[in-house]
Amino acid sequence: MPNASSWSASSPLLLLWEDSSGTRIFLSLLYAVLAISGTLSNVMVIYLVFSFKKLQTTSNAFIVNGCAADLSVCALWMPQEAVLGLLPPNSSSLRSAEYRLLRGGLLSLGLTVSLASHLLVAFNRYVLITKLPSVYQALYQRRHTGCMIGLSWALALLLVPLLPGLWTPRSAQQPPPRQTDGSSRYTALLLALAVLGQTALLLHCYLGIVRRVRGSAKRVSVLNFHLLHQLPFPAAPPPPRRAQRRLSSVSVLLLCCVFLLGTQPLVWVSLLGFFLRPAPPALQAASWLLLCSLSALNPL
């Protein structure tokens, strides 16, 4: 295993020249499983929304936007990592700086839009459930919805030149200049603070939804988190309102737990590396794997 000095501030590509063949094969298989499951599930969600007119809502437009971003990770980036893990450590593909930047840019584009879509979905549901219908209709006109989706991609394109420097792998025998290492550390810090702020806003929205649902039984029917309520064929009779409130609260809790599990390890590993000392390589690898796996879990 490489020592801490052979890692950059963060290394989501997880394919270093010093890794053993067993580690590389394991990571390749893991990427292959995530790529197949994530691609199929994201394509299924997009297919359902475009196939049934009843599903073509504003909230689902943001969900489709997130699925499209997740496809860039699951269908385009992960298969490349799975193949590269099976190549010899001295392969020119692993050492090509241009190809690493291309893969890094593809990953940063998908993850940034995916995280932005998470926040857009949460805010949309928050306004839908906690505000007056007139406020929701005025805010989420078709033109405004399109602008929000376009801004999420514009923000990601602005960040693409910045983020790939986080995960440029390097050899322990060839340490980078100190200035480059400091730039990567500050970029990792900004990334961690951005994800932390987004997480705070997302939790505020969903906890506000839970409080509103528990306090108003009359508006529980608006909380359509479950696809069964939107399918075009008849569903089972609705459960009692108390059970429905409890089920809705559990849905929000599970959604928040999965999101926190995927994002927070990277946040705290980055903060630890900036303020104290770099985390062990295995911990860095695990935190990035959890964040990347979020693209395969988002359709759920």
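Predicted model: local features only at pLDDT ≥ 70, side-chain atom pairs only at ≥ 80, totals over all residues.

Student: What makes up the secondary structure of the protein chain?

Tutor: The protein chain has 9 helices and 0 strands. Along the sequence the pattern reads α-α-α-α-α-α-α-α-α.

Student: Why does Asn124 count as buried?

Tutor: Buried means under 20% relative accessible area. Asn124 has 0% relative accessibility, so Asn124 counts as buried. Asn124 sits in helix H4, which covers residues 97–130.

Student: Which residues is Asn124 in contact with, leaving aside neighbours within four places in sequence?

Tutor: They are Thr58, Ser59, Phe62, Tyr136 and Tyr140. Tyr136 lies 12 residues from Asn124 along the chain, and their C-alpha atoms are separated by 8.3 Å.

Student: How many aromatic pairs does the structure hold, and why is the pair of Tyr136 and Tyr140 called tilted?

Tutor: The structure holds 4 aromatic pairs. Ring centres must lie within 6.5 Å to pair, and planes under 30 degrees apart count as stacked, over 60 as edge-to-face and the rest as tilted. For Tyr136 and Tyr140 the centres are 5.0 Å apart and the planes are at 35 degrees, so the pair is tilted.

Student: What makes the pair of Phe274 and Phe275 edge-to-face?

Tutor: The ring planes of Phe274 and Phe275 are at 85 degrees and their centres are 4.9 Å apart, so this pair is edge-to-face.

Student: Are Phe274 and Phe275 buried or exposed?

Tutor: Phe274 has 16% relative accessibility, so Phe274 counts as buried. Exposed means over 50%. Phe275 has 56% relative accessibility, so Phe275 counts as exposed.

Student: How do you know whether Tyr136 and Tyr140 are buried or exposed?

Tutor: The same cut-off of under 20% for buried applies. Tyr136 is at 16%, so Tyr136 counts as buried. Tyr140 is at 6%, so Tyr140 counts as buried. Together with Phe62, Tyr136 and Tyr140 form one aromatic cluster.

Student: Why is Ser28 called buried?

Tutor: Ser28 has a relative accessible area of 4%, so Ser28 is buried. Ser28 is placed in helix H1, residues 21–51. Not counting residues up to four places away in sequence, Ser28 touches Glu81, Ala82, Gly85 and Leu86.

Student: What makes Leu86 count as exposed, and where does Leu86 lie?

Tutor: The relative accessibility of Leu86 is 58%, so Leu86 counts as exposed. Leu86 lies in the loop between helix H2 (58–84) and helix H3 (92–95).

Student: Which residues form a nonpolar patch with Leu86 on the surface?

Tutor: Ile25 and Leu29 form the patch with Leu86, and together the patch has about 310 Å² of accessible area.

Technical notes
Residues numbered from 1 in each chain as written. Heavy atoms only, no water. Helix = DSSP H or I, 4+ residues; strand = E, 2+ residues; numbered from the N terminus. Buried < 20%, exposed > 50% of the residue type's maximum accessible area, 1.4 Å probe, protein only. Contact = heavy atoms within 4.5 Å. Patch = residues over 30% accessible without salt bridge, like charges linked within 9 Å, V, L, I, M, F, W, Y side chains within 5 Å. Areas by Shrake-Rupley, 256 points an atom, 1.4 Å probe, with all protein chains shown as cover. Salt bridge = Lys/Arg side-chain N within 4 Å of Asp/Glu carboxyl O. Phe/Tyr/Trp six-rings, centres within 6.5 Å; stacked < 30°, edge-to-face > 60°.
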